[in-house]
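Here are my notes on the model you asked me to look over.

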Amino acid sequence: MVSLCKRRGFIFQSSEIYGGLAATWDYGPLGAELKRNLKEAWWRSIVYERDDIEGLDCAILMRPETWMASGHVSNFEDTLVDCKGCKKRFKIEHITGKKCPECGGELTQPRQFNMMLKTHLGPIEDATSLTYLRPETAQGIFVNFKNVVDSMRRKVPFGIAQTGKSFRNEVTTKSFTFRSREFEQMEIEFFVKPGTDEEWYSKWVAERFEWYVKFGMRKENLRMRQHRKEELAHYAKACTDIEYNFPFGWSELEGIANRTDFDLKQHGRLSGKDIEYFDDVTNERYIPYVIEPSGGIDRSILAFLFDAYREEKVKDEKRVVLGLHKSLAPLKAAVLPLLRNRPDIVELAHKITDDLKKDSKVRYDDTASIGRLYRRQDEVGTPYCITVDVDSLTDRKVTVRDRDTMKQDRVEVSKVRDYLKERLER
Ligand code: ATP
């Protein structure tokens, strides 16, 4: 997968020409499209198709008090040991004996390590200018709870959603983009009346599981895992992870947590501001409970890629297909002239490309034989290939090939745009 991602322009190592920066990744031309499509699909499902959620886009930098209130300054820690021999660093939970698991060397005493990335704002670097790159997008939502209630006249239950970058100084950085130091999250904080929280929690767990299935992930590769009491974060009453069966084992894609009223209460306390919600129908005042479905965009992309990858035998040849859901596929169609030295064919192919560009990302390609061009598009998951041939010049029809069935339809040039629109919207 790492090699396909690089070869086909999905994901590159950050600063690769300098040897790479550990656990940071760049999305290439097709990866950037896939990521946009994934975020768009999420935003559409959460913010447009429901009427009880507002969108938000907060700054990455926040006042440091935010992270004191949330508990990140004192609790967002890993316990680490260093090997005195090879100098590698390990999380304590990954050590079984008393020696370094890699070289057998002697280990240091365990020590606490805060995972937030620090920076200084302004010209003077001292304790007063210290702040952090956010380790989660959630806190931006909590501190804006009142702003959203007041500006949008929202009533509980309702939610606030945002996508955006988060940063964690992760120690274990294997598994490709799965655990990155800079990554993107898609988070919802759903505010409910205390007492209704368990019901909402169950609804969200089911809903988020189905979301992955809706966008093509195979059910057998997904599971829910409820956290045991001793696993729960200090603020959580319950948490369920949606896990994907990665080649490196079942691992978390998204966590759905019942965060209780912990965060709002803490921000109320530390800011001294009244953060209570007033229900003008029942005349009650309370601090809402929060159900948080928190997913990782990079982890989702990785899971969607693994899930979509398949190898088939077609006429004794291997065919690699990325069977991505059409709404996620980076390119929606490729226009391929059968003969690139025929100006009239090339012209028609360009005309079709220009027409299709109005709706989505399409690509014109004449740099290889038609067999090679099809294989290239299959491998990056393009749902439709449109071939312009000699007959197209007289019958004004082109061949549209379906990625999954490989079935070919002859479609009138003037109807290709509608043909694709109808099929891509399904
Ligand atoms: P893990 O236990 O794997 O470190 P977590 O439980 O700390 O994850 P959360 O704090 O619940 O993760 O963050 C919510 C989501 O953000 C996760 O489900 C995951 O998809 C994503 N995420 C968290 N840390 C990373 C990371 N280092 N790289 C990529 N995605 C991440």
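The numbered points below go from the whole chain to single residues.

1. A word on ground rules. This is a predicted model, where local features need pLDDT of at least 70, side-chain atom pairs count only at pLDDT 80 or more, and totals for chains, interfaces and linings use all residues. Residues are numbered from 1 along each chain as its sequence is written.

2. The overall picture. The C-alpha trace of the protein chain spans about 75 × 65 × 50 Å along its principal axes. Its secondary structure comes to 13 helices and 23 strands; helices (H or I, at least four residues) and strands (E, at least two) are DSSP runs, numbered from the N terminus. Of the 426 residues, 34% count as buried. Here buried means 20 or more other C-beta atoms within 10 Å of the residue's own, exposed means 12 or fewer, and partly exposed is in between, with C-beta atoms placed from the backbone.

3. The domain assignment gives domain 1 (2-62 + 134-305) and domain 2 (331-424), with bounds from an automatic or database assignment. Their centres, taken over C-alpha atoms, are separated by 38 Å. The largest nonpolar core has 73 residues, and Ala333, Val335, Ile352 and Ile386 have the most contacts inside it. Domain 1 and domain 2 both give residues to this core, so it lies between them. (A nonpolar core is a set of buried Ala, Val, Leu, Ile, Met, Phe, Trp, Tyr and Cys residues joined through C-beta atoms within 7 Å.)

4. Contacts of Ile352. Leaving out residues up to four places away in sequence, Ile352 touches Val335, Ile386, Val388, Val398, Val413 and Val416. Two residues are in contact if their C-beta atoms, placed from the backbone, lie within 7 Å.

5. Trp204. You will find Trp204 in helix H7 (residues 197-214). Trp204 is buried, with 21 other C-beta atoms within 10 Å. Beyond residues up to four places away in sequence, Trp204 touches Phe190, Ile256, Ile291 and Pro293. Trp204 and Ile256 are 52 residues apart in sequence, yet 7.3 Å apart in space, C-alpha to C-alpha.

6. Backbone spots to check. A cis peptide bond, with omega about 5°, joins Val156 and Pro157; Pro157 sits in the loop between helix H6 (145-152) and strand E9 (158-167). Asn283 is not a glycine but has a positive phi of about 60°, and lies in the loop between strand E14 (277-279) and strand E15 (284-286). Lys315, also not a glycine, has a positive phi of about 45°; its loop runs between strand E17 (309-314) and strand E18 (317-322). Asn283 is exposed, with 7 other C-beta atoms within 10 Å, and Lys315 is exposed, with 5.
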